[in-house]
Amino acid sequence: MALISVALGRLSQSVLLLFAMSLIGFIGIHSIGNPVFNIVNIETATPDDIQRATIALGLDQPVWRQYALFLDNVVHGNFGTSYIYHQPALALVMSKLPATLELACVAMLVAAPAGTGVGLLAGRRKGGLFDRTALRSSVFALSIPSFWLSMMLILLGAILTGWFPSGGRGATASFMGLEWSVLTKDGLWHMILPTLALAVPNIASIARLSRSGTIEVESLDFTRFCRAKGLSPRRILFRHTLPNISVPIMTIIGLQFGGMLAFAVVVESIFSWPGVGKLLIDSIQLLDRPVVMATLTFISVAFIALNAFVDLFHAVLDPRVRLAS
Amino acid sequence: MKAEILRALNKRPLPRMLTPSTLLLATYILLALAAPVIAPQNPYAPLQIYAWEASSPPGTAGSGGFLYLLGTDGLGRDIVSCILYGLRISLVVSITSAAIAALIGLTAGVSAAYFGRWVDVAIMRLVDLQLSLPTILVALIAIVTLGPGIDRIILALIIAQWATYARLARSVALSETRKSYMDAARLMRLPTSRILFRHLLPNSIAPAVTLIPIEVGHAVALEATLSFLGLGVPSDKPSLGSTVANGFQYLLTGQYWISLFPGLALFGLIASINFVGEDVRRRLDPRSRSV
């Protein structure tokens, strides 16, 4: 029973969040400018043309009516048609999604083991040389603005050395009806720099968490018992400490994954990676309202799902959480 | 509370507070304050800028009678001057927004804890909504809604950051409201505002105060990111972030200095704030001291 009421509360909160996001987004995109001037040819259009385009897009209506119409359409699964690309907005977002997911997943696959490993090694000898170096480097890694890191990666890895391409997605291969870059050599080559740009701050935050977890766990009685039993330090670290710190690490991986989707906005625009983040920024600049609204709604849904998943996962892995609720 | 902070700071003698990061941060602040005096050029004054000297490499002699130590950007602005003036914007924006966000967040959190019932529900629902999204996304939506401008970006950062303080302040204030001095204050029939601001707030403030330096660091990075995306500070008054952004198109043709140096300055600023923030938190917050 308690679980159902928690789930219902969660659901109502999620609906509220979606509603708030859509309202704020709608008013926001409404206040930054009139998209008509990006749609008609500004040099040849007569005031008459502009008038007709405004009516055709429904922009002559008051804001609240436009919003009501938008909500009505969304309930029926229709986010409208992109002003610029003349495609259904939601389908457009979905077509860009594999690129973003692919980048975020690969970056997380790099960041999670690297961060956990560094954290374990640093936490095992608290105050040692490796620990101090790792701790200090993590602050630096978390301080680098991600856009500058991306640009410096392009400068070093593409322009000065010519090792990697400076942008784009490269060749893709088709799998399950979608295009993936991971499957081709050229595509992988294109992924290396953007993956690094997304992974570096995440390695640092995962390492910090796993370091403090390791320090905490290694001071507990059972670790001392393992040591007294004569287990090797490596076995204690990987078979006893690692499982015990895995719950908070999984939680932060879930949350960071969400953060990656948000930071993809920056990294994708720099590496001209054709994903959802680049679509959002381009659409904001072109005042392509249906696409902005579809992207924002989609990102919010993704976040809600991700947060719920992390909580669920937490409850499954950690019996204490299950009992508490 | 004041005594607590003083005691914590006194644990280390003064010379040991002079870490490289505090020195660097102090240098940044001094440079920002002195920018109009020491900058070779005013990058906001079109008359001092020579457009034909655009994208000169570092070390070029300029027509203004000084050396372009770090080169010029695509519009002919001296990079050194852009960095110095950009620092001012970054620091003003981040410190103002962090301070106001702290004030609003603390007040909201403490009020939520004190009044309970619907006030608590209303405030905390909003806080939870916001904290379930990443800060960068909240700031992005806020700045799109508000439009460009320095005042708008401060507002957007306040909107993005107040919730963190509110949640922390509420949890501290909740345990404070049960203490006997609060009962005493209520029994004395002190006015609510006095209880709130003279008794509850000062006693719930300490953990949230330790957040401020870290949040200032976040604010610098957020402002730079928004400006980079072309949504923040207008381009005629470049902040560090927009100077880096302006250099992006030149980066691909090998004119690296426009993005490299301002970005390096930005990185140093954020890193020094983060190191100082971490230090402050370690000294003031006993929970993080053990780890």
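Predicted model: local features only at pLDDT ≥ 70, side-chain atom pairs only at ≥ 80, totals over all residues.
**View 1. Helix 3 (residues 20-38) of chain B crosses helix 14 (residues 257-284) of chain B.** The two axes come within 8 Å and cross at roughly 130°. Axes are lines fitted to C-alpha atoms over the stretch in contact, with angles from 0 to 180 degrees between N-to-C directions. Helices are DSSP runs (H or I, at least four residues), numbered from the N terminus. Residues are numbered from 1 along each chain as its sequence is written, and chains are lettered from A in the order written.

**View 2. Residues meet between helix 3 and helix 14 of chain B.** From helix 3 come S21(B), T22(B), L24(B), L25(B) and Y28(B); their partners in helix 14 include G268(B), L269(B) and F275(B). Contact means C-beta atoms, placed from the backbone, within 7 Å. Seven residues are nonpolar, four polar and none charged. Nonpolar means Ala, Val, Leu, Ile, Met, Phe, Trp, Tyr, Cys and Pro; charged means Asp, Glu, Lys and Arg; the others, Gly among them, are polar.

**View 3. A139(B) sits in helix 6 (residues 135-146) of chain B.** A139(B) is buried, with 27 other C-beta atoms within 10 Å (buried, 20 or more; exposed, 12 or fewer; partly exposed in between). A139(B) touches A156(B), L157(B), A160(B), L222(B) and L226(B), not counting residues up to four places away in sequence.

**View 4. Chain A meets chain B through 36 residues from chain A and 32 from chain B.** Helix 1 of chain A gives the most to its side, with 10 residues.

Note on methods
Contact = placed C-beta atoms within 7 Å. Helix = DSSP H or I, 4+ residues; strand = E, 2+ residues; numbered from the N terminus.
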